[in-house]
Each structure stands twice: as C-alpha cells, then as structure tokens.
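User: I have a chain on screen and want to talk through it. Can you take my questions one at a time?
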Amino acid sequence: HNIATVGKLQSLKVKTGEGGIDVPDGHWLFKEWRAKTGDAVKAGDPICVVKQPSWNDCLPRASTMTLGGGGDPCEAVLRSPKEGVVRERQELLRPGYDLGSV
C-alpha cells in the first residue's frame, strides 16, 4: 500500500484580472505568511516573507525588499501587486522550505 506521494508543489494558476506573486531571483527559503486566503489586501500589502540562507551572504537585492529600515537584510517581504482578495496560496509551504526545489 502506498503511504505517500512525493513531488513538487503545483504552480498556482493566475486567472485574468488576478496578480501573481513570484519568488525573486536567487536562493530563497520560505519563512512565514503575512496574509491568509480570503484576506482583503491593497497593492503593496505584505503577503509573505522569504529569507536568503546565511551562507548566501545576503545579496544586496534582498535588502531593497525588506519591511522597514531596521529589518533583517537577508529577508524579503513579498507584496501584493494589486488590490483584491487573496484567492489562493501554497498552503503546504513550511518555514525553511527551499523555494527553488518545492
């Protein structure tokens, strides 16, 4: 009997009128959600936080996306591209998951 299936997460489909949020270039780990499915958001509202591994020396592009001036330079806050309702998110993501391999 099969007790598990293993594979990558399926890409979320972005429908007409919706805006997707892509992971920035580079090596990123998932840290936490800042918005739940069903939340009403405005353009620029935080959706989730991703983090570069410490061995990656925190590339400068990460610090341009951090929340506030005193935040961790290895973290980036991914923001909503438009106003609307969070329709779907990758619910199986857990802190530490490598976004390049899930």
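User: Where does R89 lie in the chain?
Analyst: This is a predicted model. In it, R89 sits in the segment after β5, the strand at 84-85.

User: Is R89 buried or exposed?
Analyst: R89 is buried: its relative accessible area is 17%, and the cut-off for buried is under 20%.

User: Which residues does R89 touch, leaving out those up to four places away in sequence?
Analyst: R89 touches L12, W33, A35, K36 and T37.

User: And what does the side chain of R89 reach at 2.5 Å?
Analyst: The backbone oxygen of A35. A35 is also one of the residues that R89 touches.

User: Let's step back. How many helices and strands are there in the chain?
Analyst: The chain has one helix and five strands. Reading from the N terminus, the elements come as β-β-β-α-β-β.

User: What is the strand order in the open sheet?
Analyst: The order is β1-β3-β4, three strands with antiparallel pairing.

User: Which strands stand at the edges?
Analyst: β1 (29-33) and β4 (75-79). Each has a single partner strand, so one side of each is left without a neighbour in the sheet.

User: How much are neighbouring strands of this sheet turned against each other?
Analyst: By 30° on average, with direction ignored.

User: What holds strands of a sheet together in general?
Analyst: They pair through backbone hydrogen bonds, in either a parallel or an antiparallel way.

User: Back to this sheet. How many bridges do β1 and β3 pair over?
Analyst: Four, in the antiparallel sense. β3, residues 46-51, also pairs with β4, again antiparallel, over five bridges.

User: What is the bridge partner of F30 in β3?
Analyst: V50. In β4, V50 has A76 as its bridge partner. V50 therefore has a bridge partner in β4 as well as being the partner of F30, and β1 and β4 are the strands at the edges.

User: Different topic. What share of the chain's residues is buried?
Analyst: Buried residues make up 25% of the 102 residues. R89 is one of the buried residues.

User: Last one. Of the contacts with a separation of 6 or more, what percentage is between residues 24 or more positions apart?
Analyst: Such residues account for 72% of those contacts in the chain.

Technical notes: Residues numbered from 1 in each chain as written. Predicted model: local features only at pLDDT ≥ 70, side-chain atom pairs only at ≥ 80, totals over all residues. Heavy atoms only, no water. Pairing = 2+ DSSP bridges. Helix = DSSP H or I, 4+ residues; strand = E, 2+ residues; numbered from the N terminus. Axes fitted to C-alpha atoms, helices over the stretch in contact; angles between N-to-C directions. Buried < 20%, exposed > 50% of the residue type's maximum accessible area, 1.4 Å probe, protein only. Contact = heavy atoms within 4.5 Å. Polar contact = N/O pair within 3.5 Å; in protein donor to acceptor, adjacent residues only side chain to side chain.
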